[in-house]
Amino acid sequence: MNADQKMRQSTSASAYGGRAGAGARDGDPPVPTRRFWSVRRVPAGIVALVIAAISGLLLYDVAAVRSGRPAMRWREWLADELASRPLDDAWVMGGAALLAALGVWMVVLALAPGLRGLLPMRPPESGAEAGAEAAPGKGVEAGGGTRVGAGGAVRAGIDRTSAGLVLRDRAMEVPGVRSARVDVGRRRVRARALAHFRDLDEVRADLDAALHEGIRQLGLARRPALSVRVRRSAKSKG
């Protein structure tokens with residue numbers, strides 16, 4: 001690959017690498033749709049079992065002491081450490097800070113919706129397609145979901161990985177694209193493609209148009225921005 005080819009690739013990538021808000025320049029405005037909330041049955045069950053086990057152990061030890069038996073060795077050691085160490089001891093302050101951080105982290109997790117990999121889709125009454133076309137429907141089957149909210153309203157969502165596969169199939173249909181990778185985030189879609197023929201600007205323009213149409217057909221409640229980068233394969237000529 002000569003110096004002119006390298007310059008051409010670098011210019012194409014830098015000129016079109018990232019345009020903030022490109023995905024929202026056309027189409028419907030964002031729809032205020034709430035994110036899906038995680039049920040969190042497994043984490044809640046684990047926390048409940050741990051608390052129940054610790055409480056049961058303490059209750060058993062207290063009952064054993066009340067009946068005249070000696071306390072467990074670990075509880076005697078813990079009571080002696082707490083009674084002998086001052087409040088400004090490094091271990092006491094470190095343990096307190098660790099417990100406080102753990103409590104704040106659990107509160108944040110409880111208040112956060114979770115399910116970051118599931119993107120909400122537009123409701124049917126918003127006037128968008130909401131996944132009614134063929135390509136988004138395939139993505140919903142692969143990793144989407146629907147839920148019935150208050151009043152019987154149906155909420156739909158699509159998995160980010162499935163959306164990326166749908167958009168990747170769109171990218172591979174563009175003439176001149178040898179391989180493509182599409183990463184779908186919550187606010188931005190990043191597409192990277194290798195071209196083995198045609199001019200890079202033409203490939204990039206067609207890829208940009210195809211991905212914009214694919215994002216529109218996904219029917220997302222909030223249209224993500226699009227970043228496209230096209231470069232020439234090292235084994236290609238011209």
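Which residues are linked with Glu81 in a network of salt bridges? Good morning, colleagues. The residues linked with Glu81 in that network are Arg85 and Asp89. By salt bridge I mean a side-chain nitrogen of Lys or Arg within 4 Å of a carboxyl oxygen of Asp or Glu.

Before I continue, a word on the source. The model is predicted, and local features need pLDDT of at least 70, side-chain atom pairs count only at pLDDT 80 or more, while totals for chains, interfaces and linings use all residues. Residues are numbered from 1 along each chain as its sequence is written, and side-chain values use heavy atoms, with hydrogens and water left out.

Searching the whole structure gives 8 salt bridges. Let me begin with the pair Glu81 and Arg85, whose closest N and O atoms lie 2.6 Å apart. Glu81 is partly exposed at 22% relative accessible area, and Arg85 is partly exposed at 33%. Here, buried means under 20% relative accessible area, exposed means over 50%, and partly exposed lies in between, using a 1.4 Å probe and protein chains only.

A second salt bridge joins Glu202 to Arg198, at 3.8 Å from N to O. Glu202 is partly exposed, with 44% relative accessibility, as is Arg198, with 25%.

Finally, I turn to Arg204 and Asp208, which form a salt bridge with 3.4 Å between the closest N and O atoms. Both of these residues are buried. They are 4 residues apart in helix H7 (residues 200–218), and are therefore separated by about one helical turn. Helices are DSSP runs of H or I with at least four residues, numbered from the N terminus.

Definitions and conventions:
Helix = DSSP H or I, 4+ residues; strand = E, 2+ residues; numbered from the N terminus.
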